[in-house]
Amino acid sequence: MPQEHAAFFSANTSALEAWFNNVDADRSGAISVAELQKALQKGGLKFSAKLVASLMRVHDSDNSLELEFREFCELHNDLQSIKLAFDAKGGSTSGKLTLPQVQEALKHLQFTLDMQPDGAFYKLVKSYEDLVEYLIRKD
């Protein structure tokens, strides 16, 4: 289902801070998985709870089960880099990438994945379909 370009990818630090503070209900300076999902939604990213939990695990550098603002900004930078890599492979012009183009974008990001039908590449694409949709959608 095509969706409009998410403001999250082009957000500046002020916008990120506003989204972060808006969802930090207890004003602890850190956000939970549910709060992260709300912050991403404010930026136009409607990710599944499973994907948000995965993003949390990757970016929670102190294993607190919450993201501090610094970690949230790192998540933003990583997703922005991934978006740019996918755009460079043709996603921003056509709104779609072939599986080989997705593989090339991931290689550009220094990922090497098994391309066999049951390999890591296909499992990754299947597991993160909602993220891939945002990355290859026409802006």
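1. Basis of the note. The model is predicted, and local features are therefore reported only at pLDDT of at least 70, with side-chain atom pairs counted only at pLDDT 80 or more, while totals for chains, interfaces and linings use all residues. Residues are numbered from 1 along each chain as its sequence is written, and side-chain values use heavy atoms, with hydrogens and water left out.

2. Overall composition. The protein chain has 7 helices and 2 strands, where helices (H or I, at least four residues) and strands (E, at least two) are DSSP runs numbered from the N terminus. Along the sequence these elements follow the pattern α-β-α-α-β-α-α-α-α. Of the 139 residues of the protein chain, 40% count as buried; buried here means under 20% relative accessible area, exposed means over 50%, and partly exposed lies in between (1.4 Å probe, protein chains only).

3. Surface and contacts. The protein chain exposes about 7,800 Å², of which carbon and sulfur atoms supply 54%; the areas come from the Shrake-Rupley method with a 1.4 Å probe, and for residues only the protein chains shown count as cover. Of the contacts (heavy atoms within 4.5 Å) between residues at least 6 apart in sequence, 55% join residues at least 24 apart.

4. Aromatic pairs. A search of the whole structure finds 6 aromatic pairs, taking rings of Phe, Tyr and Trp (its six-membered ring) as paired if their centres lie within 6.5 Å, and calling planes under 30 degrees apart stacked, over 60 edge-to-face and the rest tilted. The rings of Phe 8 and Trp 19 are stacked, because their planes stand at 20° with the centres 6.3 Å apart. This pair links distant parts of the chain, since Phe 8 belongs to the segment before helix H1 (13-23) and Trp 19 to H1, 11 residues apart. Phe 8 is buried, with a relative accessible area of 0%, and Trp 19 also counts as buried, at 14%.

5. Which geometry do the rings of Phe 8 and Phe 72 adopt? Their centres are 6.1 Å apart and their planes stand at 70°, so this pair is edge-to-face. Phe 72 lies in helix H4 (residues 69-94), 64 residues from Phe 8 in the segment before H1, and the pair again links distant parts of the chain. Phe 72 counts as buried, at 0% relative accessibility.

6. The cluster and a charge beside it. Ring pairs link Phe 8, Phe 9, Trp 19, Phe 20, Phe 69 and Phe 72 into a cluster. Lys 83 lies over the face of Phe 9, at 5.7 Å from the ring centre, under the criterion that NZ of Lys or CZ of Arg is within 6 Å of the ring centre and within 35 degrees of the ring normal.

7. The buried residues of H1 are Leu 16, Trp 19, Phe 20 and Val 23. They cover an arc of only 100° around the axis, which puts them on the same side of H1; the arc is that of the directions from the helix axis to the C-beta atoms. In helix H2 (residues 33-42), Glu 35, Leu 36, Gln 37, Ala 39 and Leu 40 are buried, and H2 is followed by Gly 44, whose phi is positive, near 90°.

8. Ser 64. This residue lies in the loop between helix H3 (49-59) and strand S2 (67-68), and Ser 64 is partly exposed, with a relative accessible area of 35%. The side chains of Ser 64 and Asp 62 are joined by a polar contact of 3.0 Å, a polar contact being a pair of N or O atoms within 3.5 Å in which, within protein, one must be able to donate a hydrogen and the other to accept it, while residues adjacent in sequence count only if both atoms are side-chain atoms. A polar atom of the Ser 64 side chain also lies 3.0 Å from the backbone oxygen of Glu 66.

9. Backbone angles in the loop. Most residues other than glycine have a negative phi. Asn 63, in the loop between H3 and S2, has a positive phi near 55° and is exposed, with a relative accessible area of 64%. Leu 65, placed in the loop between H3 and S2, has a positive phi of about 70° although it is not a glycine, and at 67% relative accessibility Leu 65 counts as exposed.
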